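Could you walk me through a structure, one feature at a time? I would like to hear the general idea and then the case at hand.

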Amino acid sequence: MKTQRNENSVEAFLNSVADERRRNEGFTMLEMMHRASGCAPAMWGDSMVGFGSYRYRTAKGREQSFFLTGFSPRKSALAVYIMPGFSRFEAVLAKLGRHKTGRSCLYIANLDSIDRELLEAMIRESVQHMREAYETGL
């Protein structure tokens with residue numbers, strides 16, 4: 001897997017985000033995800049901030065690790081990683097505010113347009129689900 005946990009500084013990465021609003025959103029997500037997960041942040045790859053980890057087996061039988069939840073302050077949107085996906089969160093998503101979803105990724109163009117309490121609750125529930133479903137660590 002290309003994206004691995006590393007020892008790069010989360011704060012240095014967030015401070016390097018050129019867009020001031022996106023940089024501030026990154027620091028807001030850092031605090032929110034720390035509260036919701038109870039885990040310390042770590043860099044995963046060059047541009048993802050992850051919290052905790054879980055182990056899983058690929059279709060080819062290899063064991064790999066990835067973060068329980070995380071985010072990336074991208075140019076076009078703040079990407080929030082909800083690892084179990086969104087099927088359990090349909091009611092929350094309907095009330096959340098403007099967003100788009102991918103398989104396990106919530107794309108938020110402007111964090112101010114989102115109900116942050118609902119987002120934090122969704123992150124907390126997502127992390128709890130991952131802890132119950134997988135071997136977790138970090």
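Q: Which residues form one aromatic cluster?
A: Rings of Phe, Tyr and Trp (its six-membered ring) pair if their centres lie within 6.5 Å; planes under 30 degrees apart count as stacked, over 60 as edge-to-face and the rest as tilted. Here W44, F66, F67 and Y81 make up one such cluster. Please keep in mind that this is a predicted model, where local features need pLDDT of at least 70, side-chain atom pairs count only at pLDDT 80 or more, and totals for chains, interfaces and linings use all residues. Residues are numbered from 1 along each chain as its sequence is written, and side-chain values use heavy atoms, with hydrogens and water left out.

Q: How many aromatic pairs does the rule give?
A: The count is 7 aromatic pairs. One of them joins Y54 and Y134, a tilted pair with 4.8 Å centre to centre and 55° between the planes. This pair links distant parts of the chain, 80 residues apart: Y54 belongs to strand β4, and Y134 to the loop between α4 (116-133) and β10 (135-137). Helices (H or I, at least four residues) and strands (E, at least two) are DSSP runs, numbered from the N terminus.

Q: Is Y54 buried or exposed?
A: Buried means under 20% relative accessible area, exposed over 50%, partly exposed in between (1.4 Å probe, protein chains only). Y54 has a relative accessible area of 8%, so Y54 is buried. Y134, at 36%, counts as partly exposed.

Q: How do I read the strand that pairs with β4, and which way do the two run?
A: Strands of a sheet pair through backbone hydrogen bonds, either parallel or antiparallel. In the bookkeeping used here, two strands pair if DSSP finds at least two bridges between them. Strand β4 (residues 53-57) and β5 run antiparallel, joined by 4 bridges, and Y56 stands opposite Q64 in β5. Their hairpin has 5 residues between the strands, and G61 takes a positive phi near 90° there.

Q: In what order do the 7 strands of the open sheet come?
A: The order is β1-β2-β3-β6-β7-β9-β8, with antiparallel pairing. At the edges stand β1 (5-6) and β8 (100-101); each has a single partner strand, so one side of each is left without a neighbour in the sheet. Further in, β2 (residues 41-44) and β3 (residues 48-51) pair over 4 bridges, and W44 has M48 in β3 as its bridge partner.

Q: Which residues line the largest pocket?
A: Rolling a probe the size of a water molecule over the atoms shows where empty space is left. On a 1 Å grid over the protein atoms alone, a pocket is an open set of points where a 1.4 Å probe fits, with protein on both sides within 12 Å along at least five of seven lines; lining residues have an atom within 4 Å of a point. Y54, M83, P84, G85, R103, S104, H129, M130 and Y134 line the largest pocket, which holds about 230 Å³ of space.

Q: Why are there 0 disulfides?
A: A disulfide is a covalent bond between the sulfur atoms of two cysteines. The rule asks for a pair of cysteine sulfur atoms within 2.5 Å. The sulfur of C39 is 19 Å from the closest cysteine sulfur, in C105, too far for a bond. C39 and C105 are each buried, at 7% relative accessibility.

Notes. Grid points are joined across faces, edges and corners, and a volume is the space filled by probe spheres set on the points.
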